[in-house]
Each structure stands twice: as C-alpha cells, then as structure tokens.
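Colleague: I am new to this structure and would like to learn how to read its features. Could we go through them one at a time?

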Amino acid sequence: MGRGRVCSLLLAFLLVAFGAAQPDVCKELCSCSLDAVHCSQLTVFPPIRTFPANISTLTISYSPKAAIRIEELAELPYLTSLNLVYNKITNVSKFVSSNLRVLNLDHNQIESVEPGAFDSLENLLDLSLANNKLKSFPVFRKRSSITRLFVGGNIGITSLDKQSLYNLPRLQLLSLKSSGLTSLPYAIFRRNKELQALLLSRSVSLTTINEYAFDGLKTLTKLDLSYTRVTTIPNQGLEYLEKIYLKGVPDFWVLPATLWNIREVHLDQYNSFLCCAFYLQRGTPDCTYLSGQTGDVPTYLPITDLETTSSTSTNAATSPTRFGTPSSGFGTPPSGFGTPPSGFGTPPAGFGTPPSGFGTPPSGFGTPPSGFGTPPSGFGTPPAGFGTPPSGFGTPPSGFGTPPSGFGTPPSGFGTPPSGFGTPSSGFGTAPSGFGTPPGGYGNRSTPYRPIITLPPGFHNVTSKVHSTIPHENKTNASAYRCPDTRPLVKCFPKPDAFHPCEDIMGAAWLTTFSFLVGGMAVVANFVVALVLLVSERRLNVTRFLMCNLAFADFCLGLYLFILTCVSMDTHGLYHNYVRRWQYGAGCKLTGFLAVFATELSVYTLVLITLERFYAIVYAMQLNTRLSMRMTVRAMAAGWVAAVLLASLPLMGASSYSKVAICLPFDVSTTGSIAYVAFLLFLNGAAFAFVLYLYMRMLMTVISGGDMEGAPKRDDSKVAKRMALLVLTDFVCWAPIAFFGILAAFGTPLIDVTASKTLLVFFFPINSLCNPFLYAFFTKAFKRELFVLLSRCGFCRRRALKYSGTLSSLMYSRRK
C-alpha cells in the first residue's frame with residue numbers, strides 16, 4: 001500500500017512538472033503535438049519565447065487581427081516549415097538566416113515583397129505567395145535553392161522580365177495560375193534548366209508566348225495553359241513535353257509539330273480533332289529538329305550557357321561549347337596528323353582545347369616520348385600510359401586559346417604517331433574544310449578561325465559559321481533534338497467525337513471518287529439544259545420556265561458536291577489541320593447554304609412540274625385548269641424566297657453548318673435545331689408523298705382513258721415506265737435520308753455520323769444528276785432544240801434536220 005501511494009505521488013509530480021514546462025502558447029492559444037504547433041483565430045500575436053523551441057512545423061491561420069511578425073518566427077532554431085495562411089499580412093521584409101525549407105504565405109493581403117527578402121533562406125525549397133495582392137514578381141538577388149514556387153492568384157503580376165527567374169536555377173515547378181500575365185517573353189526560362197512543370201491556367205489575360213520562350217528546356221514535361229487566351233504555342237523547347245492542358249482555351253487550333261514525347265493532351269470538344277495528328281500518324285515524318293535556323297543567327301550544337309548579355313571569345317576554335325560529340329563520319333584528320341586511333345577520341349596536343357564531351361582516347365594510345373610538357377589548362381587528365389610529350393615541345397599557352405606565332409606547322413616528327421596509334425575506322429570520311437591548319441597559319445589571328453560544322457547523322461545537315469563573338473541577343477539555345485524510335489501512346493481528353501472523326505471530308509476514297517464524278521456530271525448536264533432552254537428560238541412557256549429553274553437548282557447541288565470533293569482531295573490525310581479554315585470558316589457556311597437552298601428549290605420545282613403535268617393529263621380537256629405563265633412565275637418567286645429563308649436559318653443560329661465536314665445542318669443539340677431539322681425532313685417527305693400521289697393519279701388516268709376522249713391512243717407501258725422511273729428516283733433520293741434523319745433528330749439514331757455522311761453524300765445528289773436526263777435529255781423536244789443549237793455551231797446538222805422534221809421532206813423532194 002505504501003509503495004503504491006509513493007508511485008501515485010511521483011506520477012502526479014511528473015504531470016505537474018510537465019504542465020509547468022509547457023509554454024503558454026500551447027496551454028491557451030494553440031494546439032501542440034510532438035514537433036508541430038497549429039494556431040488559429042489569434043487576436044494577439046504571442047511572444048516568440050512562448051513557442052516551443054524544438055518545433056519544426058508552425059501553422060498560424062485565420063488570424064487577421066494578430067500582427068504576425070514573420071521575421072521573428074523564422075528565427076526558431078529547428079523550424080523548417082512555416083505556414084501563415086488566411087491572415088492579413090501586407091508586406092514581407094528580409095528574412096534572417098534560418099533553416100526554413102517550406103514557407104507558405106497563401107491567402108494574405110501581401111502587396112509588396114522587399115527585394116531579396118528570401119536571399120538568406122539558403123535551405124528554402126518551397127515558397128508560396130499565392131492569392132495575395134502582389135503587383136510584381138518577387139525579386140531574388142542571389143542564387144536561390146527554391147524548387148517549387150507558387151505565385152498564382154496575384155492579378156497584379158502582369159509581366160515577367162529577364163531577371164525574374166534568373167536566380168532560380170533549381171526551380172522545378174512554377175505556378176502562375178490566375179495571374180495577370182499577358183505574355184511570356186523571349187528566353188524567360190533560359191536559366192531554369194531543371195523546370196519540369198509550368199502552371200499558367202486561368203490567366204485569362206495571357207495571349208502571347210514568344211516563339212523562343214521555352215527554348216533550351218529539356219526537362220519541361222507538364223504545361224498547363226487551360227482557360228487562357230493563347231492562340232498558338234511555340235515549336236521550340238517542347239520536344240520533351242509529356243502533358244499539355246488546353247481546356248477552356250477559346251481559339252486554339254494548331255498543336256506544335258515538335259511534341260514528340262507527348263503522352264496526354266487535354267483539349268475542348270470543339271478542337272478535339274487536333275489529336276488526329278497523333279492517331280493517324282500517316283508515315284512518320286523526319287522529326288529531327290534543330291532550333292534557331294532563322295536569319296543571321298549562328299547555329300551551334302549545343303550552346304550550354306548564354307546567360308551573359310555580352311560574352312566574347314577571341315578564338316572560336318577553343319570554345320568548348322560549340323561542338324557536339326563527334327560521331328562516325330566526322331571526317332579525316334588534317335594533313336600531317338598521322339594515323340588516328342579507332343574512334344578518334346582526343347585530338348592531338350596543340351590542336352586547341354577539345355569540346356566538352358569529345359571523348360577519351362582509346363586504350364593503347366601509345367606513350368609519346370619524354371618531355372611532352374604540361375597539357376593546357378582544362379585539358380583534363382590524359383589516360384594512363386599517355387606518357388610525356390616529346391622533348392622541347394614546351395608548355396602550351398593557358399587554355400590553348402591563342403597558339404604562338406608561327407604555329408601553323410607542327411614540330412618536326414609530329415606526323416608519325418607512336419606505336420599503337422591505331423588505324424582509322426571505316427567511313428571516317430573527309431575532314432571539314434579548314435579543320436586542319438587554318439588559312440594563314442595559327443600565327444595571324446586578325447581573322448577568327450571559322451570552321452564548318454557537319455552535324456552527326458540523323459540531324460538536318462546545316463552548315464553554319466562559328467562566330468568568334470557570341471551575339472548580344474541569342475535567338476536560340478540551338479538544342480538539337482533527335483526524335484524517338486517509336487512515338488509514345490497519346491491519350492487525348494476528350495477523344496475526337498463522331499462529328500470530328502479522324503478522316504477526310506468524304507471519308508472513304510471510293511466515295512470521294514464517286515462524288516467527284518457525280519458532282520462534275522451534274523454541273524455539266526444541268527448547265528447544258530439551262531443553256532439550251534435559254535438560247536432556244538422557241539418561246540419560253542410554263543414547262544420550259546420550270547425546267548430552267550430545276551436545272552439551276554440541280555446545278556447548285558452538283559456544284560456543292562463538286563466543291564466538297566475538291567476540298568476533300570486537297571486536304572487528303574491532313575484534314576485535321578484544316579478544320580478551322582474549312583469547317584468553321586466561311587467556305588463551309590457558303591457551301592452548306594448552297595446545298596440547302598438548292599435542295600429545297602429543286603424539291604419545290606419538281607412539285608410544280610408534277611402539278612403542271614397533272615393538270616395537262618388528268619384535265620386535258622379543261623384548258624382553264626392549266627397553270628398560266630403569270631401564276632407560275634409568282635409561285636416560283638415564292639419558292640425562291642422560301643428556299644433562301646430555309647437555307648439562311650442555320651446562319652442565324654437555328655442550326656449549324658459547321659457541325660460536320662460536309663456542311664449540312666446536323667446540329668440537333670438544342671430544341672430549335674431539332675425543330676429545324678425535323679421541319680426540313682417533314683417538308684421534303686410531304687413533297688415526295690404529294691408527287692407520288694399525283695403520278696399515281698396520272699398513271700390511272702392514262703391507263704383508263706379518263707377525260708381524253710377522242711385523243712390518240714398512247715403506249716400505256718411506256719408512260720407507266722417513265723412515271724415509275726421518275727417516282728423511283730425521288731424515292732431512292734429522299735426515303736433513306738428522311739427515315740434515318742427523323743429517327744436521329746428525335747434521339748434514336750440507327751446509324752452513326754460517319755454512315756450518315758456516306759448516306760447523304762451518296763444519295764443526296766443523285767436527283768441532281770438524274771433530273772436533267774429524265775426531264776430533258778430523254779425527251780424529243782429537248783433533243784430537237786439541242787441539235788438545232790449544235791447545228792448553228794457547225795455540228796450535228798444532219799441530226800438537227802432529222803429532229804426538226806425537214807430531213808424526210810428533203811429526201812422525198814430529191815427522189816422526185
């Protein structure tokens with residue numbers, strides 16, 4: 001019992017002692033754990049001594065009334081993560097040196113950050129200044145270790161200058177979401193060689209990205225431009241990009257051609273067809289890419305550092321960053337060089353400082369005679385066994401940049417290398433012009449040495465002069481990129497929909513050929529019909545007037561099909577690059593208008609022609625029931641107005657001609673568009689039914705005799721066949737379209753859009769080709785007028801006489 005009481009008293013003492021050791025801030029204001037403190041809704045900022053000295057994470061949030069002293073908090077010795085969010089901090093002064101690795105100042109009211117405020121935070125990795133009121137990008141005056149920087153939500157940041165990111169060489173993620181940026185300037189990321197993700201979404205003022213903004217970036221894998229207003233993105237610097245986000249960009253129509261490593265593309269539904277470039281892959285083009293081949297800009301391979309505003313080099317031949325790693329075919333060494341080793345590793349001493357990555361001489365390079373001297377500064381450590389250079393060779397100048405006067409001829413004995421020097425590999429080729437001894441020797445350096453660089457196999461062969469002075473403004477990092485052997489599988493969100501399939505306008509090649517023939521023949525045939533009827537010497541009556549209108553309508557329909565096939569052939573295999581220019585442009589709208597106008601005018605004219613024939617046959621003896629010329633002209637004028645009105649409604653928003661590539665009103669996304677399409681189908685279906693009814697009445701009248709007492713007997717079988725042919729062509733043209741169209745308009749499509757397109761293009765224009773033959777070329781009256789017109793031009797005179805009825809009279813008179 002005594003021992004238990006002692007233990008209880010000891011435990012109580014320890015608890016009291018621990019409670020007494022707890023700082024005041026943990027007792028009343030904040031919640032504390034082993035190494036973290038979280039304070040919320042503070043009204044007064046507690047003294048720094050009240051915080052536990054050993055905490056590593058401190059969070060103060062939702063404390064707008066507390067005057068938070070950031071600089072003091074950073075002095076906590078073990079603090080590595082400081083989160084001050086949703087407070088009312090208005091400015092940030094310079095920090096003293098601390099161990100902070102994470103600094104989060106989100107959702108405050110920071111308007112200014114003192115230049116160099118974070119320079120002393122040498123261990124800082126993550127810095128967030130998002131959703132504040134910054135008016136400019138924070139200034140880093142010293143090289144910073146920051147890898148992730150968040151400055152989004154600051155609408156006052158409208159621009160970045162050349163120095164904004166200069167001292168952030170380790171930056172891997174930069175977030176400028178919802179900022180006020182309007183453009184990305186030239187070479188803005190030239191120092192950020194480790195940048196992997198750039199987030200610019202919802203920067204609605206961003207409209208322009210300089211062509212060279214990303215030049216030289218080989219680590220950028222994620223680019224988010226969602227809900228910006230850019231219209232193009234550069235070709236350069238995105239060769240290694242894997243994910244790109246362009247959702248909500250209202251006017252974006254072209255993806256750069258250099259996305260050779262892309263794996264994810266996020267677009268909108270309206271431009272989802274851009275992914276067709278990845279899906280089709282019609283032959284893999286040469287994706288070798290060398291930037292900076294424009295103007296007088298020198299092309300180097302590669303330039304590793306062009307950060308200084310004016311860098312000069314007095315000897316271009318010694319610039320180690322201007323040559324790549326040589327490959328086979330690099331050329332034959334200059335005269336007197338002897339027999340180089342296999343692979344041509346390190347150039348001979350005295351040849352200048354070798355470029356970075358030039359390689360190591362092979363094993364067995366041989367041991368030169370003693371006394372070779374000291375290699376130039378930066379030459380590296382020669383391989384084992386390299387030995388000592390020949391006696392008297394002396395010490396070359398530092399850096400080997402400027403050889404001594406008269407160095408043009410190598411020392412005696414230099415031509416024959418030591419034993420084991422090797423034999424050059426096959427295909428060693430011919431040395432570039434001037435690669436050996438420069439003109440005038442090495443002694444005269446008034447004119448800089450300008451060798452010609454031959455790129456390794458697989459790159460574009462570009463010949464560039466190596467300038468002795470690096471330009472003040474480098475137009476490119478000139479990073480050579482070699483495309484991968486196989487392209488990665490690309491995922492697109494959303495996938496190209498049924499209205500933007502990855503195919504040509506007309507789809508299959510056979511359909512393009514068929515439509516081209518039908519369209520061309522329809523244009524020619526209807527043009528001939530209209531020409532013959534208009535220039536004929538016969539008086540224009542009701543039938544001829546209606547035939548002229550029908551020929552014009554069918555001519556327009558044939559022209560629509562002909563234009564469509566020509567555009568399809570012109571964009572064959574690459575239509576996804578022309579969607580904006582054609583499908584969303586004025587060309588498709590005009591072509592669609594022409595199609596609907598011609599269709600409705602043709603149907604209306606066919607109804608009037610059938611009605612005129614109906615009165616002529618069924619009421620042959622009742623002359624007062626015929627269509628007069630005045631009545632016909634008025635009826636056709638009403639038909640023209642109705643056709644123009646119906647064709648104009650999609651241009652006014654009732655539907656859209658831009659929904660599909662064949663420019664017909666396929667849009668049924670709204671109630672108005674459904675009503676429009678349904679009305680067109682119902683109107684054409686009713687017209688077909690009416691024409692069918694009239695022809696049935698005419699056929700019954702001809703067979704039974706009807707009102708034609710005393711009229712000569714007709715060949716009923718010929719009349720029946722002719723009428724059946726007229727009805728059949730109308731039925732074949734309109735029935736499939738009406739059937740599938742009505743079902744699709746009301747939400748139960750039986751065939752997909754591609755099949756519907758084939759159906760429309762295949763059956764839609766058949767009437768325009770058949771009508772001139774059924775209503776003109778197959779009638780004796782038209783043949784007579786056609787041959788009479790040709791006889792005026794010196795053709796078919798005998799057949800003209802035959803059809804005019806004068807040939808038999810002429811032959812009879814000759815017999816007599």
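Colleague: Is Thr147 buried or exposed?

Modeller: This is a predicted model, and burial is read from relative accessible area, with under 20% counting as buried. Thr147 has a value of 11%, so Thr147 is buried. Thr147 belongs to the loop between β8 and β9.

Colleague: Which residues is Thr147 in contact with, leaving aside its neighbours within four places in sequence?

Modeller: They are Leu125, Asp126, Arg170, Leu171, Gln172 and Leu173.

Colleague: Where is Asn132 found, and what is its relative accessible area?

Modeller: Asn132 also lies in a loop, the one between β8 (126–128) and β9 (148–150). Its relative accessible area is 6%, so Asn132 is buried. Once neighbours within four places are set aside, its contacts include Leu105, Asp106, Gly153 and Asn154. Asn154 is 22 residues from Asn132 along the chain, yet their C-alpha atoms are separated by 5.5 Å.

Colleague: Which backbone oxygens lie by a polar atom of the Asn132 side chain?

Modeller: That of Leu105 lies 3.0 Å from such an atom, and that of Ala130 lies 3.1 Å from one.

Colleague: How many aromatic pairs does a search of the whole structure find?

Modeller: The search finds 19. One is Phe593 with Phe597: the ring centres are 6.2 Å apart and the planes are at 0°, so this pair is stacked. The two residues are four apart in helix α8 (residues 586–618), which means a separation of about one helical turn. Phe593 is partly exposed at 21%, whereas Phe597 is buried at 7%.

Colleague: What are the distance and angle for the pair Phe773 and Phe777?

Modeller: Their centres are 5.1 Å apart with 35° between the planes, and the pair is tilted. Phe773 and Phe777 are four residues apart in helix α13, so about one helical turn separates them. Phe773 is partly exposed at 28%, and Phe777 is buried at 18%.

Colleague: How many residues of α13 are buried?

Modeller: The count is 10 of the 12, so α13 is largely enclosed by the rest of the structure. Among the buried residues are Ile766, Pro772 and Tyr775. Helix α13 (residues 766–777) reaches 16 Å from its first C-alpha to its last, close to the 16 Å expected at 1.5 Å a residue.

Colleague: What does UniProt list as "transmembrane region"?

Modeller: The unreviewed entry lists several stretches, including 590–611 and 673–695. In the model, residues 590–611 are 100% helix, with end C-alpha atoms 31 Å apart. Residues 673–695 are 100% helix, with the end C-alpha atoms 33 Å apart.

Key. Residues are numbered from 1 along each chain as its sequence is written. This is a predicted model: local features need pLDDT of at least 70, side-chain atom pairs count only at pLDDT 80 or more; totals for chains, interfaces and linings use all residues. Side-chain values use heavy atoms; hydrogens and water are left out. Buried means under 20% relative accessible area, exposed over 50%, partly exposed in between (1.4 Å probe, protein chains only). Contact means heavy atoms within 4.5 Å. A polar contact is a pair of N or O atoms within 3.5 Å; within protein, one must be able to donate a hydrogen and the other to accept it, and residues adjacent in sequence count only if both atoms are side-chain atoms. UniProt positions are given in the numbering used here, feature names are shortened, and annotations may be inferred rather than shown by experiment. The expected span of a helix is 1.5 Å times one less than its number of residues. Rings of Phe, Tyr and Trp (its six-membered ring) pair if their centres lie within 6.5 Å; planes under 30 degrees apart count as stacked, over 60 as edge-to-face and the rest as tilted.
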